[in-house]
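Okay, everyone, let's get going. Have a look at the model on the screen while I talk you through a few bits of it.

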Amino acid sequence: MQRLIFVFSLLFISIVAQDNRKKTCLHNLAINGTNLIAIYRKQLLVLGIINFNNQSSRTQANRYNDLYRELQNSGIRDTTVRLILVNEQDAANHLPGKYYDKIRLFQDNAKDGLIKKLRNHEHSADNFIFGRCGYLVFSQERSNSSLQDGNNYKELVRNIKLAMRSKRRCERLCS
């Protein structure tokens, strides 16, 4: 099995081709000095992009809280799955604090440009699931990422539970 690894300098993204499949792995998904991949390495990281400047994003944030409660009721705890919302740069004045109910919030900024980096690497998605080793295991593209739509919400929940089944241990990120 031949592996090809290409590392992009800005975000340290590796594209690994195995058996004609491409996997995206992030070594460094940093925002405000925090590497989200490293700090939540042993957990699934569910990351949502949001803009608190508009009401539909507040509804999306409420759906993330619904998701948190649903996972908790299913016996899935913070130690297994971490939900995070990243507020877009232009909505910085509307960030309600460090948490939106139970969901950790981060503010994107010009220095980190986290959202721009993600979208520059062929991801125009608003919801991402990163596995325990740093691999992107699922993303929801913009037209299908509104969690107000029950089908999109169910798809995200289904993919979280699917990703949880992988008990793969990581010696290091992207291994």
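Helix α2, residues 55–73, packs against α4 at an angle of about 40°, and their axes are 12 Å apart. Axes here are lines fitted to C-alpha atoms, for helices over the stretch in contact, with angles from 0 to 180 degrees between N-to-C directions. Contact is made by Arg63, Tyr64, Asp66, Leu67, Glu70 and Leu71 on the α2 side, and by Tyr153, Leu156, Val157 and Ile160 on the α4 side; that means heavy atoms within 4.5 Å.

Now, this is a predicted model: local features need pLDDT of at least 70, side-chain atom pairs count only at pLDDT 80 or more, and totals for chains, interfaces and linings use all residues. Numbering runs from 1 along each chain as its sequence is written, and side-chain values use heavy atoms, with hydrogens and water left out.

pLDDT is the predictor's confidence in each residue, from 0 to 100. The protein's mean is 79, with 77% of residues at 70 or more. Over residues 1–21, though, pLDDT stays under 50, and the model has 50 contacts for them beyond four places in sequence.

Back to α4, residues 150–164, where we find Asn159. Helices are DSSP runs (H or I, at least four residues), numbered from the N terminus. So is Asn159 buried or exposed? Buried, at 12% relative accessible area; the cut-offs are under 20% for buried, over 50% for exposed, partly exposed in between, using a 1.4 Å probe and protein chains only. Leaving out neighbours within four places in sequence, Asn159 touches Ile129 and Phe138.

Note on methods. Helix = DSSP H or I, 4+ residues; strand = E, 2+ residues; numbered from the N terminus.
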